Amino acid sequence: MYQYIFIILIIICIICIAYVVYDIWLRKHFANFNTKRTNSTVQTDDTLETDSIESSSPMDKGLMYFKGDGVPQNYSKARDFFEKAAAGGTVQAILYLALIYYEGLGIEQDDKKALAFFEEAAKRGNAKAMFALGRINLMGHVVEQNYDKAREYFEQSARQGEVDALLNLGMMYYEGVGVEQNYSKARVYLEQAASKGAAEAQNSLAYMYIQAKGVEQDTEKAREYYALSARQGNMEGEYHLACMYWDGTGGEKDRLKARGYFEKAAYQGEAEAQFFMGNIYYYGQGTPVDYKRAAYFYDKAARQNHIQAQNMIGYMYSEGQGISKDYKLAIYWYKQAAFQNDVQAQYSLGYIYLTGNIVPINLEKAFEYFNKAAQNGYVLAQFNLAVMYYKGDGVPQDFLQAAEWFQKADLQGHKKSSFILGKMYLEGQGVPHNHDKGMALITKSEVE
């Protein structure tokens with residue numbers, strides 16, 4: 001009995017010792033395995049990056065440093081590799097060297113070297129270099145402006161299907177720049193560029209179909225081209241497509257879609273779209289009135305010198321609509337628009353200085369702005385200017401000038417001007433006494 005127990009105990013001890021030994025070996029094994037895997041990953045990454053650079057051609061290395069692709073962007077290193085690639089006959093490297101010197105990337109700008117590289121790449125048949133030389137000759141940058149050379153380079157590049165060359169040729173013929181204006185030729189080049197996805201060409205073709213320039217008017221076709229442009233996120237295409245949906249031109253009328261495209265264009269910075277969005281929220285066109293949103297879009301457009309937006313944001317600041325009332329900013333924006341010869345803004349400023357509701361009365365400034373707007377044909381400004389001459393407010397009294405401006409306003413149907421001018425004829429003020437003419441004008445002012 002004891003003998004069996006002893007044997008069992010010995011077996012148990014052997015099993016325990018074996019387990020401990022196995023556990024120690026297992027831990028050691030996995031520790032080594034993890035260490036090796038970690039080191040291997042680090043080494044593999046380093047090796048991959050190093051191998052990626054080292055095994056690449058000089059052209060590929062140049063592109064990696066030029067674009068910062070997998071390595072820190074470094075134009076100097078890119079240039080070194082492009083020079084090696086160019087020496088080996090890689091035409092694309094020559095083009096990139098031209099670009100580096102033309103733009104002064106990581107080096108002092110050198111137009112002569114850039115031109116030499118562009119010409120060398122063009123001689124070797126590079127379409128992009130040909131296009132670049134076309135633009136250089138078209139703009140007269142680096143070389144004397146030469147439309148014939150520009151066209152020749154564009155044609156060479158276009159024959160290889162270079163989309164920008166096709167677009168520029170199309171626009172040269174469309175606008176008659178350096179060539180005789182020819183809408184048919186323009187359309188051929190623009191259609192080729194448009195088929196390759198050039199949004200500007202698509203927009204130009206759309207406009208040609210709307211205006212019937214070289215083609216029969218076709219608003220449906222125009223909408224198709226604007227839609228192609230808009231799908232690429234082109235803000236001009238988005239804006240014009242929005243206008244067509246808004247009015248139902250060339251197809252269905254859908255103001256919800258229109259608003260969507262207006263908004264897309266507006267957020268990309270299209271000033272007309274921003275102004276339109278301002279109107280949508282200000283007047284509640286298809287959406288509740290929201291002065292705050294209206295002010296946001298008007299402000300965006302105003303900062304891009306959109307005259308009507310400057311007027312509107314000026315008015316909103318003066319009234320405190322959607323934004324805090326701020327007379328200084330109201331006057332600032334009115335002046336921005338007035339400086340661009342906007343008659344509404346000129347009149348508004350004249351009225352502000354005449355009434356003194358916002359700033360102290362300043363009849364001289366009122367006269368100045370009324371005079372500008374009146375000269376531009378704004379009827380209310382003509383009437384107010386006439387009144388100032390009639391009363392001698394801010395200017396020496398002058399019935400002759402008053403009669404002249406009342407007459408201009410009368411011709412535009414301003415009834416108060418007709419009435420006062422009639423009285424002036426009855427009394428012979430600034431005009432010869434004429435009872436019949438005076439009564440006729442007074443009667444005219446009373447007609448609804």
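This is a short chat about some features of a predicted model.

Q: Which residues gather in a patch of negative charge on the surface?
A: The patch of negative charge on the surface is formed by Glu216, Asp218, Glu220 and Glu224.

Q: And Glu220, is that one buried or exposed, and which helix is it in?
A: Glu220 belongs to helix H11, which covers residues 219–231, and with a relative accessible area of 52% Glu220 counts as exposed, because the cut-off for that word is over 50%.

Q: Switching to rings, how many aromatic pairs are found in the whole structure?
A: A search of the whole structure gives 32 aromatic pairs. One of them is Tyr239 with Phe262, whose ring centres lie 5.8 Å apart with planes at 55 degrees, so this pair is tilted.

Q: Which residues form an aromatic cluster?
A: One aromatic cluster is made up of Phe275, Tyr282, Tyr283, Tyr291 and Tyr298.

Q: What about helix H2, how many of its residues are buried?
A: Helix H2, residues 58–67, is mostly covered, with 7 of its 10 residues buried; the buried ones are Met59, Lys61, Gly62, Leu63, Met64, Tyr65 and Phe66.

Q: And what comes just after H2?
A: Just after H2 there is Gly68, which takes a positive phi of about 70 degrees.

Definitions and conventions:
Residues are numbered from 1 along each chain as its sequence is written. This is a predicted model: local features need pLDDT of at least 70, side-chain atom pairs count only at pLDDT 80 or more; totals for chains, interfaces and linings use all residues. Side-chain values use heavy atoms; hydrogens and water are left out. Patches are made of residues with over 30% relative accessible area and no salt bridge: like charges are joined within 9 Å, nonpolar side chains (Val, Leu, Ile, Met, Phe, Trp, Tyr) within 5 Å. Accessible areas come from the Shrake-Rupley method with a 1.4 Å probe; for residues, only the protein chains shown count as cover. A salt bridge is a side-chain nitrogen of Lys or Arg within 4 Å of a carboxyl oxygen of Asp or Glu. Lys and Arg count as positive and Asp and Glu as negative; His and the chain ends are not counted. The place of a charge is taken as NZ of Lys, CZ of Arg, CG of Asp or CD of Glu. Helices (H or I, at least four residues) and strands (E, at least two) are DSSP runs, numbered from the N terminus. Buried means under 20% relative accessible area, exposed over 50%, partly exposed in between (1.4 Å probe, protein chains only). Rings of Phe, Tyr and Trp (its six-membered ring) pair if their centres lie within 6.5 Å; planes under 30 degrees apart count as stacked, over 60 as edge-to-face and the rest as tilted.
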